[in-house]
Amino acid sequence: MLVGKNGSGKSTLFRLISGLIRPDRGRIFCALKPSLMFQNPDHQLLMPTCKSELMLCLPKTKPLNNVIEVIQCALAKVDLEEMLDRPIHTLSGGQKQRLALAGALVSNSNLFLLDEPTALLDPESQKSVLEVVKNLTSSPLNPITAIWVTHRLEELFSCDGAAIIANKNISNWNSGSKVFQELKSLAVR
Ligand SMILES: Nc1ncnc2c1ncn2[C@@H]1O[C@H](COP(=O)(O)OP(=O)(O)OP(=O)(O)O)[C@@H](O)[C@H]1O
Ligand SMILES: [Mg+2]
């Protein structure tokens with residue numbers, strides 16, 4: 001998890017890593033295949049149904065003969081089984097975010113850049129998205145790396161490591177609970 005004040009450059013860093021913008025100076029090295037996920041799923045999901053949305057996310061390189069199987073498998077991994085033909089406008093906010101994660105899965109991304117993915121969600125949906133990401137990043141087969149930006153500090157207790165972005169620098173990575181304590185002590189000073 002990556003935390004930092006408004007305007008500290010978290011989203012900019014994600015845009016740089018994912019190639020949406022280019023650095024004025026220096027170079028970005030990224031050995032993984034990144035996928036960016038936004039705070040508001042309605043800014044990301046384009047198609048009318050879960051199936052058509054995920055078909056759009058499939059890599060364009062080689063045609064698959066088991067498209068539906070690949071899509072069903074991704075839906076199962078984000079707890080959206082049976083949702084293949086569901087219109088996207090009928091999904092809850094948490095379900096939409098999990099569909100966006102399924103899109104990243106079918107695109108064969110192995111670096112999820114999650115920019116405040118739970119900011120608009122209620123506590124239950126927040127938990128469902130956290131759990132899915134935790135499962136995806138803990139899988140021994142094809143493990144996925146996720147960098148999660150948050151202002152919801154309680155989420156720090158779910159991460160494997162956390163850092164603070166401030167003054168154009170990223171701090172050393174530490175445990176989420178240690179970063180939580182650090183931010184709390186800064187707040188009371
Ligand atoms: N393309 C750009 N060109 C110049 N400046 C930019 C560009 N994009 C963002 N900025 C500036 O960079 C700074 C960091 O913005 P950024 O959106 O990355 O912050 P953030 O940490 O994601 O904030 P928040 O917590 O509010 O989402 C801001 O001052 C912003 O105005
Ligand atoms: Mg931002």
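Visitor: Which residues does threonine 118 touch, not counting residues up to four places away in sequence?

Guide: This is a predicted model, and in it threonine 118 sits in the loop that joins strand 3 (111–115) to helix 5 (123–138). Leaving aside residues up to four places away in sequence, threonine 118 touches Gln126, Val129, Leu130 and Arg152.

Visitor: Is threonine 118 buried or exposed?

Guide: A residue counts as buried if 20 or more other C-beta atoms lie within 10 Å of its own. Threonine 118 has 24 other C-beta atoms within 10 Å, and therefore it is buried.

Visitor: What distance separates the C-alpha atoms of threonine 118 and valine 149?

Guide: Along the chain, threonine 118 and valine 149 are 31 residues apart.

Visitor: Which residues of helix 4 does helix 3 meet?

Guide: Helix 3 passes helix 4 in a right-handed crossing. On the side of helix 3, the residues in contact are Val70, Ile71, Ala74, Leu75 and Lys77. Their counterparts in helix 4 are Ala102, Leu105 and Val106.

Visitor: How far apart are the axes of helix 2 and helix 4?

Guide: Helix 2 spans residues 50–57 and packs with helix 4 at an angle of about 35°. The crossing of these two helices is right-handed. Their axes are 8 Å apart.

Visitor: Which residues of helix 4 meet helix 2, and into what classes does the contact divide?

Guide: From helix 2, Cys50, Glu53, Leu54 and Cys57 take part, and they meet Leu99, Ala102, Gly103 and Val106 in helix 4. The residues of this contact divide into 6 nonpolar, 1 polar and 1 charged.

Visitor: Which residues are around ligand 1?

Guide: By class, the shell around ligand 1 has 7 polar residues, 1 nonpolar and 1 charged. The residues themselves are Gly4, Asn6, Gly7, Ser8, Gly9, Lys10, Ser11, Thr12 and Ile21.

Visitor: Is histidine 89 buried or exposed?

Guide: Histidine 89 belongs to the loop between helix 3 and helix 4. Its C-alpha atom and that of leucine 45, 44 residues apart along the chain, are separated by 9.8 Å. Histidine 89 has 10 other C-beta atoms within 10 Å, so it is exposed.

Visitor: What is the phi value of glutamate 82?

Guide: Glutamate 82 also lies in the loop between helix 3 and helix 4. With 10 C-beta neighbours inside 10 Å, glutamate 82 counts as exposed. Although glutamate 82 is a residue other than glycine, its phi is positive, near 65°.

Visitor: Where is lysine 168 found?

Guide: Lysine 168 is not a glycine, yet it has a positive phi of about 65°. With 7 other C-beta atoms within 10 Å, lysine 168 is exposed. Lysine 168 is found in the loop between strand 5 (163–166) and strand 6 (169–170).

Terms used:
Residues numbered from 1 in each chain as written. Chains lettered and ligands numbered in written order. Predicted model: local features only at pLDDT ≥ 70, side-chain atom pairs only at ≥ 80, totals over all residues. Left-handed = near helix turned anticlockwise from the far one by under 90°. Helix = DSSP H or I, 4+ residues; strand = E, 2+ residues; numbered from the N terminus. Contact = placed C-beta atoms within 7 Å. Near = placed C-beta within 6 Å. Nonpolar A, V, L, I, M, F, W, Y, C, P; charged D, E, K, R; others polar. Buried ≥ 20, exposed ≤ 12 C-beta atoms within 10 Å, placed from the backbone. Axes fitted to C-alpha atoms, helices over the stretch in contact; angles between N-to-C directions.
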